[in-house]
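Here are my notes on the model you asked me to look through. Please read them beside the coordinates.

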Amino acid sequence: PTTLAAHDKYSVLAYIHQTNNQPTTMSVILATAGQDDKIRFWEAPSGVCSRILRYADSQVNCLEITPDKQYLAAGGNPHIRLFEINNASNQSILTLEGHTGNVTSLGFQRNGRYLYSSSEDGTVKLWDLRSPTYSRSFDSKGAVNSVALHPNQAQIISGDQNGSVKLWDLGSSKCINDIIPESHSSSTSSLGRVAIQSVDVSNDTLIAANNHAEVFVWNPNDASKTENGGEPIRPKAKFRAHSYGAYLLHAKISPDGRSLVTTSSDKTARLFDTTNWQLTQTLSQHSKWVWDAVFSADSSYLVTASSDKTARLWNLRSGAPVRQYTDHEFAVTCVALNDSST
């Protein structure tokens, strides 16, 4: 892959692919959305809003860009809409119907042909984008807050409001494990458990974070083994990412696997070293809740989204904010970034 860091001080976020010395598609796709029913695309290095899409019917809860940078998926209540990024039309090209509650999380399989999603309707769904209806649906038996696809593309991990982390095998279409982390916080569900707010997975790390800011870490290979009535699978690490009384809103493993970011009602995003789970940075320029965060492809930058109506770009080498995106009218609750060079 091309090394981007040498191009200028904004590194990957000012790089343009060149073909015969002519600029073609911008290599950086940055989009934000939230409670003002609009999706905004940004020129990442300058902070200028370059395009606005209307999202009819509801707020936008989550955003994701296809690996090839051709499409943006936006999840609302209860629809998922797909927009063509390089098309001047502001109309969605596909609306996915099937969820009956807020879509809380979504993503694409590696080839971009399939989309997976979670919803407060208690289901995880898999969509073939050649069709407007879902191809598979998994019943989590509780509102689902977060979903992630294992890098092996064969398993989906979900976290729900009943405090459960489930592993869904796409080959058998079955739940192969149901992990309930032992929390030390007051319960938030009728089952006496604490809701799982966010899940993520890499080749060697599976994390689940509850809404009281406790983070649990497993080896995904261990978590994939069915318990068969034996002892519960215990986390290899657990820690509190934010102070007592703060709500954790999102957690994400960096592309290089070396860092975990968490965002919170305490107005900060925090970075943790995945080798020892020690806090390495606290990003504290936002003035209200920080809802979402996404890493650049080289893991050296982070974009955060906040209720203060802004998104911010951070240089993680220095911990300093380098850009602010300030055109939203209400809370910014989700952000998507694709600046990969492949």
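The points below go from the whole chain to single residues.

1. This is a predicted model, in which local features need pLDDT of at least 70 and side-chain atom pairs count only at pLDDT 80 or more, while totals for chains, interfaces and linings use all residues. Residues are numbered from 1 along each chain as its sequence is written, and side-chain values use heavy atoms, with hydrogens and water left out.

2. The protein has one helix and 30 strands, where helices (H or I, at least four residues) and strands (E, at least two) are DSSP runs numbered from the N terminus. Of its 342 residues, 55% count as buried; buried means under 20% relative accessible area, exposed over 50%, and partly exposed in between, with a 1.4 Å probe and protein chains only. Among contacts with a separation of 6 or more, 46% are made by residues 24 or more positions apart, a contact being heavy atoms within 4.5 Å. The accessible surface is about 14600 Å², and carbon and sulfur atoms hold 45% of this surface; the areas come from the Shrake-Rupley method with a 1.4 Å probe, and for residues only the protein chains shown count as cover.

3. Eight aromatic pairs are present in the structure. Rings of Phe, Tyr and Trp (its six-membered ring) pair if their centres lie within 6.5 Å, and planes under 30 degrees apart count as stacked, over 60 as edge-to-face and the rest as tilted. One of these pairs is formed by Phe239 and Phe272, which is tilted, with 4.9 Å from centre to centre and 50° between the planes. Because Phe239 lies in strand β21 (residues 237–240) and Phe272 in strand β24 (residues 269–273), the pair ties together parts that are 33 residues apart in sequence.

4. Tyr247 is partly exposed at a relative accessible area of 39%, and Trp289 is partly exposed at 33%.

5. Which residue is in strand β14 (residues 144–149)? Ala148 has its place there, and this residue is buried, with a relative accessible area of 4%. Leaving aside neighbours within four places in sequence, Ala148 is in contact with residues including Tyr116, Ile156 and Val199. Ala148 and Phe108 are 40 residues apart in sequence, with 9.5 Å from C-alpha to C-alpha.

6. Lys225, by contrast, is exposed, with a relative accessible area of 52%, and is found in the loop between α1 (220–223) and β21. Not counting residues up to four places away in sequence, Lys225 touches Asn177 and Ile233. Lys225 and Asn177 are 48 residues apart in sequence and 7.2 Å apart in space, C-alpha to C-alpha.
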